[in-house]
Amino acid sequence: MKLVILGGSGSGKSSQAQRLCRYFDISLISTGETLRQAMSNEDLLDGHSELSDLGRYTQPYVEAGELVPDEMMIELIRVHLKKFDVNSSWVLEGYPRTAFQAEELDFLLDDLGQKLDWAIYLQVPEAVMVSRSLGRSLPDDQPEIVQRRVELFYDRTIPILEYYDRRRRLLTINGDQSPELVQQNILTLLSIP
């Protein structure tokens, strides 16, 4: 099973991605976490110096609350997905962020002999996204950065929903519920009892 979790900042993407990974015992690919590790040059990158290089280039964008350019994100995901066995299952969280990235992800998966099963969209009102984001303790969750990320989400991420909807691979979930209920709704839509 290969899943993508979509949603704005504070929509619960990370929580649901972690829950699904535990439930199915599969790998989590979190682009936010990977970017933070790459920017801090942590040794958690399995010796992938190219990720550290990408981290240096992406840092100014992340710190300003801007989307990292498509080419850099696509390369980051390419490096990550190549580490996995073709048959392994995963949940990808924080990517794609643009319709172009969604299309490139499909091309990349084709090249790797893989196929995305579902894109899961956690739909949450803007006010909830902002308040949840400001309630976290991540260094890049400052009010003006959070507001910018929410604006970018509506501007650039909504076309991804159309992309996956046209391919009949989009599951939309009300993300403004308890994490347990959101997870149960996801499992129900995935047809898992």
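Author: A polar contact is a pair of N or O atoms within 3.5 Å, where, within protein, one atom must be able to donate a hydrogen and the other to accept it, and residues adjacent in sequence count only if both atoms are side-chain atoms. The model is predicted, with local features requiring pLDDT of at least 70 and side-chain atom pairs pLDDT 80 or more, while totals for chains, interfaces and linings use all residues. Residues are numbered from 1 along each chain as its sequence is written, and side-chain values use heavy atoms, leaving out hydrogens and water.

An unreviewed UniProt entry lists Gly10, Ser11, Gly12, Lys13, Ser14, Ser15, Arg136 and Gln177 under "binding site"; such annotations may be inferred rather than shown by experiment, and their positions follow the numbering used here, with feature names shortened. Lys13 belongs to helix H1, which covers residues 13–24 (helices, H or I with at least four residues, and strands, E with at least two, are DSSP runs numbered from the N terminus). Lys13 is classed as buried because its relative accessibility is 9%, the limits being under 20% for buried, over 50% for exposed and in between for partly exposed, with a 1.4 Å probe and protein chains only. A polar atom of the Lys13 side chain lies 3.0 Å from the backbone oxygen of Gly7. Setting aside residues up to four places away in sequence, Lys13 touches Ile5, Leu6, Gly7, Gly8, Glu93, Gly94, Arg97 and Leu122, where contact means heavy atoms within 4.5 Å. Ser14 also sits in helix H1, but with a relative accessible area of 34% this serine is partly exposed.

Thr31 is placed in helix H2, residues 31–40, and is buried at 4% relative accessibility. Arg149, for its part, lies in helix H7 and counts as buried, its relative accessibility being 16%.
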